[in-house]
Structure formats: C-alpha cells, structure tokens
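I opened my notebook today to look up a few things, one at a time. Come along and check each entry as I go.

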Amino acid sequence: MNPEVPQARAPRPWRLEARLRRQVALLWLALWLLGCGAALWAVREETDEVLDDALVETGQHLAALPASAFEQAARDPATLAPRGFGRHEEHVVYQVLDRAGRTLMRSHRAPADRLAPAEATGTRDHGAWRVAVVDGADTRVLVAETTAHRREVLWEACLWLLMPLALALPLAAWGLHGVLRSAFRSVQPALRELREGSAPLPLQGVPAELLPLLQAANTMREHLQQRVLAEREAAGHLAHELRTPLAAARAQAQMLQAQWPAEHAGLARLQALVGQLDRMDRLATRLLQLARVEAGAALHREPVDPAWLAQLVLDELHSERGAARARLVVDSPPPPPWLGDLDALGIALRNLVENGLRHGGPAAHVVVRVKPGRIDVEDDGPGLAPPALERLREALAQPRQRPARLDGHLGLRLAQRIAEQSDARLELASPVADGRGFRASLVQGSAP
C-alpha cells in the first residue's frame, strides 16, 4: 500500500501592519547605524588632525627653546624630568634630544627609550604611540600620544552616538505602531460594509493606495448584484416553464385516476405516476433553488423579522399543500430582527419544514420555534440513530457532493448553503426526546 501523501498546509496569513512596522524599524536602524559609522569616521579624521596639530605645536614650542635651557638636565641626569609640577596623568609625553641623540629632557611618563627611530620624521604611528618629530636648531623634539587614548576617545564618541538609539528605537517603534494602526483603522468602515451591507463601499477618508482596490470591489459587487438579479429572473421563468408541463401531466393523470374504477388493473401504476410527478416537481423546485443559492442569492442584507418569516412560510405551505401538521411557537419577548435576505431565508426555512413533514412520517407533527438568534424546526418522527446522523453531517460537509447522493436531504443542503451565505449555521440533532424526533436549527453566527 502506498503511503498517504501529506497534504500541504496552507500558508499562515501575514499582517501588513506588522510587516510594515518591522521593515520600517529595521530600515531606520540600518540608516541610523550607517549614519553613526559615517559620523565616527569623520570624528576620527577630525580628531586625528586636531591632535596631530597639537603634537606638532607642542614640539615646535619645545624646539624653539635655546640649548642653554637644557644644560642643567644634561649635567645632572637626575633632572631630566622637570620639577615642580608633581606627578599627574599625562596623555601626551615628550623627549628632547641633542644632535648626538642624547636625551636632554623628557616628561614624567615618557619612556627612557626613544619614542621613534632616529631617522623618523613627521607624524606617524610607532608601536603604541602616535609620535610627532620636530627638528630645532640644536635639538630634536619627539612629542607622542598613546594610540589607546585616541581609541578611547573614539569609543566614547561612538557610545554617545549609539546611546540615543537605545531610547529612540522603542519610541519610534511605538509611534510607528500608532501611525499604522490609525491608517489601517480608516478602512474598517469599508470592511464592515463589505461584510454586512449591500450599499457601495465608502471611499471617503481611505488612503489613496487602497482607493483603487475599494473601487474595484464596488464594481465587482455591482456586477455580482446584477448577475444575482438576472439569475433570479431567469430562475423564476424557468421554474414557471418547468412547472407548467408537470402540472399539466399531473392533471391528466388525476383525470384518468378519477375515470377509472377502483378495480382497474392500471390504477396502482397511475397512482405511482402521480407520486413520481409530485416528486419531480419538488426536485425541480429544489434544484432551481440550489442554483439560485449557489449564485449568491443570500448575499443581500436587510433586516428580517424571524417570527414574521416563519409565519409567512407556514401560511404558504398550508395554502399549497395543506400542511396542517405544522405549527409556529414564538418565544416571548419577540426575537430581534435577523440581517439577511428574506427570500433566501424563506427557502431555507421552507425546506426544513418540508423535510420534517416528509421524513417524520404521515402522522408526525412539526413545530417551528422562533427564539432569539435561532429558529428550530422539530418533528416527533422516528428520528435518526447517532451513526446515521453522523453520516448525514459528513455528507452535508462535502462541498462537491452530488445532490443525488443526498437523495431526500437536498433540502438540508439548501438550508446549509443559505446559512453559510447569511453568516449563520445549520445545526442538526436527533433523537430529541424519548429516543425520537429530529431537529434542524438555523442559528445566527457562523462560529459554532
């Protein structure tokens, strides 16, 4: 046996608002970091230029001193470092050399070794130092700053540039969320009208980017309504054309049935013919109703009084078929109106009542009970066993199930399709009481 191929899962819907917020925040973060990088590069270049100028300026001042200023230091090596200022933190150090390369004077933190090779000139990095070499008349001055100090300055500048980002990014995300939520809230009236109303979608106050979409929806909705109206008219003419020959054939059969004596051999076949003609009439009517419902007849929305609707359906059944076994019960206080199509809901309720009268048996009684948010059609016939009821629910759940497979339950299929188009649902229950009875209910709200 071949293993069953797993069905691919439908992709999860994504939220445009969340995606825009995330992408804008990431773009803003990337631009901020890019700007910080450019600013740090500029700060580094400017800092190096300023500090290099300061090193050269310091070296030039020392190189301008006469050689006699360093004679005492040359005679006494213990006085190489200047006195009187005490030890303090130094980021800049210097060394003063004579032409022979001897150290005449150095700062407190200056190393004993030379800061730069003897042949060094200009300003450049040497090891851990940034050194400026300035030649005087009789001396050579080396002024240096640690590269670690410059990196420290650069990192402090980077920190002060990035610190606002830690505060600004959450605030920007919160503000962007509010802006997007307000923008998407402007299309809520159009969505609400699309779900509930039949008027054109409102186009005032919506973003210009969504305006073509709403205009296209209005155009499509208008075309759909025109098609539904055309289908209704065609269905009415077709129903009349079909019922006329069926009614004529049934009348001829009844005339023969009245003329033949009770002992006539063909009387039983004639009675069966009349029954089949009645069945063809009911089947043709329901097939036409099914085609009308599949075309979206229940998409129209208007307030419908459920009690008045139920009374209208029972009066129609009484006048056509004499269904005296059906009665109406309305809970008190009267239920609020439903939002739906009057004709479509009438088709659904009529089919449920006819289903109860037919399958409940010749002695069964049907009660149509109108409650807030639901209409129950209950008969006191034999009902269905739980396995049979489950099979019926499975058959109704198949969207492509052929009507012939449902046989006498085509009326339930019609009621279910109308309920789905009316933001309602069809509920079935059996047995109802004492192991008997069948109940079909139209319930407001598509969620169970």
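Which residue in S5 is the bridge partner of glutamine 95? I looked it up and found leucine 142. I also noted that this is a predicted model.

**Entry: strand S5**
I saw that S1 (residues 92-98) pairs with S5 in the antiparallel sense, over 7 bridges. I then checked S4 (residues 129-135), and it pairs with S5 over 7 bridges, again antiparallel. Here tryptophan 129 stands opposite threonine 146 of S5. Between S4 and S5 I found 3 residues, and the two strands form a hairpin. I looked up burial too: 7 of the 8 residues of S5 (residues 139-146) are buried, so the rest of the structure largely encloses this strand.

**Entry: salt bridges**
My search of the whole structure gave 16 salt bridges. I picked aspartate 48 and arginine 150, whose closest N and O atoms are 3.1 Å apart. Aspartate 48 lies in helix H1 and arginine 150 in helix H3 (residues 147-185), so this pair ties together parts 102 residues apart in sequence. Arginine 150 counts as buried at 11% relative accessibility, while aspartate 48, at 23%, counts as partly exposed.

Next I looked at arginine 439 and glutamate 378, a salt bridge with the closest N and O atoms 3.6 Å apart. I placed arginine 439 in strand S12 (residues 438-444) and glutamate 378 in strand S10 (residues 374-379), 61 residues apart. I also found one network of salt bridges that share partners, joining Asp48, Asp52, Asp125, Arg130, Glu145 and Arg150.

**Entry: surface charge**
Last, I noted a patch of negative charge on the surface, where Glu45, Glu46, Glu49, Asp53 and Glu57 gather. Glutamate 57 lies in helix H1 (residues 16-63).

Technical notes: Residues are numbered from 1 along each chain as its sequence is written. This is a predicted model: local features need pLDDT of at least 70, side-chain atom pairs count only at pLDDT 80 or more; totals for chains, interfaces and linings use all residues. Side-chain values use heavy atoms; hydrogens and water are left out. Patches are made of residues with over 30% relative accessible area and no salt bridge: like charges are joined within 9 Å, nonpolar side chains (Val, Leu, Ile, Met, Phe, Trp, Tyr) within 5 Å. Accessible areas come from the Shrake-Rupley method with a 1.4 Å probe; for residues, only the protein chains shown count as cover. A salt bridge is a side-chain nitrogen of Lys or Arg within 4 Å of a carboxyl oxygen of Asp or Glu. Lys and Arg count as positive and Asp and Glu as negative; His and the chain ends are not counted. The place of a charge is taken as NZ of Lys, CZ of Arg, CG of Asp or CD of Glu. Helices (H or I, at least four residues) and strands (E, at least two) are DSSP runs, numbered from the N terminus. Buried means under 20% relative accessible area, exposed over 50%, partly exposed in between (1.4 Å probe, protein chains only). Two strands pair if DSSP finds at least two bridges between them.
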